[in-house]
Protein chains: 2
Amino acid sequence: MDTYEKIIGLAKRRGFLWNSFELYGGTAGFYDYGPLGAMLKRRIEDIWRDIYVIEEGFYEIETPTIGIEPIFVASGHTRGFSDPMTVCSECDHAFRADHLIEGIVETPDALPASEIKRLIDENRIKCPNCGGVGTFGEVSSFNLMFRTAIGPGAERVGYLRPETAQGMFINFENLFRFYREKLPFGVTQIGKAYRNEISPRQGVIRLREFTQAEAEIFISPHDKTHPNFSSVADTLLRYYPASHQENDGGTIELATRDAVGQGIVAHEFLAYHLVLTHLFLVRVGVDPARLRFRQHQPDEMAHYAVDCWDAEVLTDRFGWVEIVGIADRTDYDLSAHAAHSGRDLSAILEYETPKQVERIIVTPDMSVIGPRYKEKAGKVLNALKNLTEEELNGDLINVSVDGATIAIPRDMIKYEAVTEEVRGEKVIPHVIEPSFGIDRIIYAVIEHSFAEEVVDEEPRNVLRLPAEVAPVQVAVLPLLTREELIEPAREIVRTLRRAGVFVTYDDSGTIGRRYRRNDEIGTPFSVTIDYDTLEEDTVTIRDRDSMAQIRVPIRELSERIYEMIRNSGFCDG
Amino acid sequence: MDTYEKIIGLAKRRGFLWNSFELYGGTAGFYDYGPLGAMLKRRIEDIWRDIYVIEEGFYEIETPTIGIEPIFVASGHTRGFSDPMTVCSECDHAFRADHLIEGIVETPDALPASEIKRLIDENRIKCPNCGGVGTFGEVSSFNLMFRTAIGPGAERVGYLRPETAQGMFINFENLFRFYREKLPFGVTQIGKAYRNEISPRQGVIRLREFTQAEAEIFISPHDKTHPNFSSVADTLLRYYPASHQENDGGTIELATRDAVGQGIVAHEFLAYHLVLTHLFLVRVGVDPARLRFRQHQPDEMAHYAVDCWDAEVLTDRFGWVEIVGIADRTDYDLSAHAAHSGRDLSAILEYETPKQVERIIVTPDMSVIGPRYKEKAGKVLNALKNLTEEELNGDLINVSVDGATIAIPRDMIKYEAVTEEVRGEKVIPHVIEPSFGIDRIIYAVIEHSFAEEVVDEEPRNVLRLPAEVAPVQVAVLPLLTREELIEPAREIVRTLRRAGVFVTYDDSGTIGRRYRRNDEIGTPFSVTIDYDTLEEDTVTIRDRDSMAQIRVPIRELSERIYEMIRNSGFCDG
């Protein structure tokens, strides 16, 4: 049994993760968060909000999971969001075509369809379902968006969004107005996204419905410094730059200042967000020793991107797994939506002081031009208005009307130069996007916090989750199942719940078994009520990790627990 | 301009609600929550969790928004979740058929399709789109679930869930195990649900994608008392019982104890959840004077339900609108899923002490039966094993094998009576379901908290949101846009953010204008930094509702703000 099986076994048994629709046989690519899993997820999302929404000030918005077709035509998803597929003509089973030639070439996912098909045939690949050889049809492109129809009939096509990002991009005008038309500003969204995998493998790592937490930060294309860069300049991160990947140069640990100084990370703004990502991941329980930042290689990076990094975690079964992507997407998204919608999605970068710009105003004498050019007079007029000062020099002024050049006597028009004030430069903002895969982060947190130990010759499983993210914060346990201990225990449950602490009560089995049960779900603190409680008004708090115990007066309990959750550990005293 | 228009205008202008996909022309039935709307929504959901998850102890789970077909066959949605539709043959526009005859009959939504069609024809209804008369086709049934395909091909049908409830019902076995096989227990879910309306009207009240917060509480069918009933027995609620609706008897205010005692609410458990709903709604900002609980009339209640109540709010444009439904759904859902899945979804209600039950064990003498009945011996044996003690009396014992009766001599079999211990009674749990429409609640909260006032001859719009739910909790405002005031103001922003308070900073425009801006979005407290701040280290806190101001030392600010948010108002002193 490998670690993945152990984790999934624990997760199912204890109510973290369940296969969806199991009552009806289940379907690959869908998982439920059970009671403990959903609580863990909520706490991780809340810490993300703490950092991105409250501290960074990037307001969260919530847009629908269904989107209309024009959005995804503009974003490129209707064309580009697909995987190569082939169907076995014998058993009708559909396969990810590139998966069939894994091990035959190194990067099957980079090959064109025709080449994949050639390799399948040449290597006489067997159908993994029916064993047939030579039964695979052409390799086609399968679009990975779930498709539906909005309203009756098929006229309004809808797609389940492949990312939360588009809902933010198409709201740029609303958001820019909300932020009083100043750059930079950021916006976030946590929500469901969908990817209709051809045949998902890899369990919880590759889901058809998953949760993303994304931030889109709109910045000036001319200024990619970060105002708080100094606060992260000394932070050490483990980088795996593109150049190191080519010759397997391994990772390097560098201060953020040096990563930017040496040109490894493209600019301060991106580097700042690598650090923020690192701090978030470690805070929720990713093991820093199994975390690295891998730069995209030039051929895997989207053509428009300036620089792109993935936070990757080391897992036992799947090796290094991407859990966050942080990219400088330039003006790609806004430009695409501007082009498709015909709307102006630009910002004005205000000059420190408005600039004075000279402009020519032409006032033709219509009483002359009208009779002379008749039906062409209007077009002549328009042509004249677009001329520069230079073109207005000379006795005859040449304008182009319907492809023909007309020479107009200088005295038929008047013009004057006026000085206008220009507030700033018009630009399409660039977008920095940190994009978090919440489900994979949750899996990584569980795997990295999982430990099998032997205590007093008894095995114990323990999830060393940070106290902040542990689903159950406190287990309240009467030492024995006796009425005189149960009642005060229940009173403590009520007190802690009123204080907003998530508490469970457990009185079944020996105290040792109850400790083990709580260790296995990561409960950081157990409060035990015993006969001394009745006499001294004190209880025992047991620490999950050290298994140390301290006695605390009941009246101080809520406050002590709070403090311990905040410090993610035991505060002796 | 009616109140709805004013509210929607304010909501759009200030970033609460935006029409979705506006960049591409929009689509009816979809709304975005802008920065302030999403924050308000989050806070309301968190209070819901506070009550249902933390205080009541009903764990939250998270199941996919996509479901597979067998779920909705069992739940009845593939057949019953539909609206009558008719299409104009002239312009091809689809309509909710019953909407076309509104005003002609009183309850058009209760009529069968043929009757609606007859009334459309008889009344020569015009097509509201093209004006054609006599152009409507047959009235058909349009299923309101969004349909999609999971994976390639059309073989695996998926639907976007019409309610979050089914994801909880189909997890009954997992949940029952998680709760150690004891009743009652509760489970909750907050998430998206979908309804593919034919042609949605009523703006934010009738959405195609919306958020539900649902609790499913599994209880014994024999015991519908509530352990904490005494804590709500005195609470007064405004009831609108079914009997009052028939003769327009109006609402009555009753203590919960009396509502149950007089048989108005079916039982304690339901009554307890009416009160919990009331407390939640009032806490998030619904005006108790515009809130009532309306009982379903016998003909509108689902056939299986014992009793069902809607929390309704009074709105300016739409009148009384349902925002929560609280029902006793009996064993309907679990029985349906048990029947369709072939699984046993029952619970054992343990007896106080196990019961001793007598059972007959038959031991036929196969050395005689075998040779005598030959190929039928096995069937004879099975038939014998199912007999009761009574049937085993007499010299000849009659069993039925393949339709024929065989008389078996008594001496061919031995039997004995044994006493077995039975732990409890097997039952299908009943389900109490409070189901909240979060989007409608948000609309109600905004409308009920909205006020137009005149202060010092200046109009002011104010959202009197409870401080707990206001999107922005504190606005930090330097009195003047001067560097010496801006820097200390920014320092206060940082301090409050670190304390977890959601703060905005605003230095543009006169202080009066900034107060108005914050009044309009419901910010309960404004902190002003002036020249006294520099000398005395104090700031002014202004209360949104009373517009009173107090001076507070900076070092006490975080704590005072916390206290004010908790008390939802000004604490002088």
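**Sheet and symmetry**

Modeller: Strand 26 (residues 525-529) of chain A runs antiparallel to strand 27 (residues 538-543) of chain A, and 4 bridges join them. Strands here are DSSP runs of E, at least two residues, and helices are runs of H or I, at least four, numbered from the N terminus. This is a predicted model, where local features need pLDDT of at least 70, side-chain atom pairs count only at pLDDT 80 or more, and totals for chains, interfaces and linings use all residues. Residues are numbered from 1 along each chain as written, chains are lettered from A and ligands numbered from 1 in written order, and side-chain values use heavy atoms, without hydrogens and water.

Biologist: What stands opposite Thr528(A) in strand 27 of chain A?

Modeller: Thr540(A) does.

Biologist: And what is the strand order of the open sheet in chain A?

Modeller: The order is 25-24-26-27-28, 5 strands with mixed pairing. Pairing takes at least two DSSP bridges between two strands. Strand 25 (503-505) and strand 28 (549-553) of chain A are at the edges with a single partner strand each, so one side of each has no neighbour in the sheet.

Biologist: New topic. By what turn can chain B be laid on chain A?

Modeller: A turn of 179°, with a shift of 0.0 Å along the axis and an RMSD of 0.2 Å. That is the relation of a two-fold axis. The superposition is least squares on C-alpha atoms of residues with pLDDT of at least 70 in both copies.

Biologist: Which C-alpha of chain B is nearest the axis?

Modeller: That of Thr148(B), 2.5 Å from the axis.
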